[in-house]
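Me: I'd like to learn to read a model like this one feature at a time. Could you walk me through it?

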Amino acid sequence: MSDWFWFSEDSQLKLSMGNEWQCTTAFGHQQIVDLPKSQQLFSLSDTECYLSLGNQLQASGAQFSEAQLTHILINATAAIMFHKPVTPKSWFFQEIESHGSHHRLATVSNNYATGVVLVLTDEQALATCMLISSSFQLNDKKHIKQFALIKLAKTRLAPLMADISSQLTA
C-alpha cells in the first residue's frame, strides 16, 4: 500500500492503487472535509482502518468477491477518513427488538425495502452506517445509492448473521 494515494479529480475523491488501478469513491466535494488538492499518501491510519474493516468483514462469513470487498473497503475507509458528519434519519427505518450488528454488518428495513449496511462508527445510541446494498428505497420519492452514509438509532439495526446472509441476497 506504499504506492497508494488519495486525490481528487472532477470533484470526486479517488484512490490510486499503483500504476495500474484507481478507484473513484462514492463521495464528491460536497460530502468531503478537505478534499485533497494534490496527492495525499494512503497513511498508516488509512491502512489500519482498511485492514481492520477487511478482517471484520472476512470474519463475518458474508460472501463478497475480492473486487466487491475492495470496493466496500475503499469507500468505507474514505468515509471514515474524509466524510462530513451526517444527521440522523432513523424515522426512515423500522425499529428492531433484537438490535445490533454482527462483525459490523446489519440489515435495515422499512415498508419499501431491506438493505445491508456496514457500521462505520458506533456512538452511544446512534450508528453511522454505509449502505452496501445497491440501493435502498426510503419512501415514495427518495432512495439512496450504494455507499451512501446514514446515521440512525442502533435500535434500527438487525444483526446480519452469515447463515442468513444468503437468504437476503436470493
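Me: What is the mean pLDDT of the chain?

Reply: pLDDT is the predictor's confidence in each residue, from 0 to 100. Here the chain has a mean of 91, and 94% of its residues reach 70 or more. Over residues 164-170, though, the pLDDT is below 50. That stretch has six contacts in the model beyond near neighbours in sequence, a contact being heavy atoms within 4.5 Å. Some ground rules: this is a predicted model, where local features need pLDDT of at least 70 and side-chain atom pairs count only at pLDDT 80 or more, while totals for chains, interfaces and linings use all residues. Residues are numbered from 1 along each chain as its sequence is written, and side-chain values use heavy atoms, with hydrogens and water left out.

Me: Which strands pair with β7, and in what sense?

Reply: Strands are DSSP runs of E, at least two residues, numbered from the N terminus; two of them pair if DSSP finds at least two bridges between them. β7 covers residues 126-131. Six bridges join it to β6 (residues 114-123), antiparallel, and five bridges link β7 to β10 (residues 149-153), also antiparallel. L126 in β7 is the bridge partner of E123, and L126 also has A153 in β10 as a bridge partner.

Me: How many residues lie between β6 and β7 in their hairpin?

Reply: Two, and Q124 in that turn has a positive phi of about 25 degrees.

Me: Is T128 buried or exposed?

Reply: Buried means under 20% relative accessible area, exposed over 50%, and partly exposed in between (1.4 Å probe, protein chains only). T128 has a relative accessible area of 11%, so it is buried. T128 sits in β7, where five of the six residues are buried. Leaving aside neighbours within four places in sequence, its contacts include V86, L120, E123 and I150.

Me: How many aromatic pairs does the structure hold?

Reply: Eight. Rings of Phe, Tyr and Trp (its six-membered ring) pair if their centres lie within 6.5 Å; planes under 30 degrees apart count as stacked, over 60 as edge-to-face and the rest as tilted. F42 and Y50 are edge-to-face, at 6.2 Å centre to centre with 80 degrees between the planes. F42 is buried at 7% relative accessibility, and Y50 is buried at 9%. W91 and F92 make a tilted pair, 5.6 Å centre to centre and 40 degrees between the planes. In that pair W91 is exposed at 61%, whereas F92 is buried at 11%.

Me: Which residues form one aromatic cluster with F42 and Y50?

Reply: W4, W6 and F82.

Methods. Helix = DSSP H or I, 4+ residues; strand = E, 2+ residues; numbered from the N terminus.
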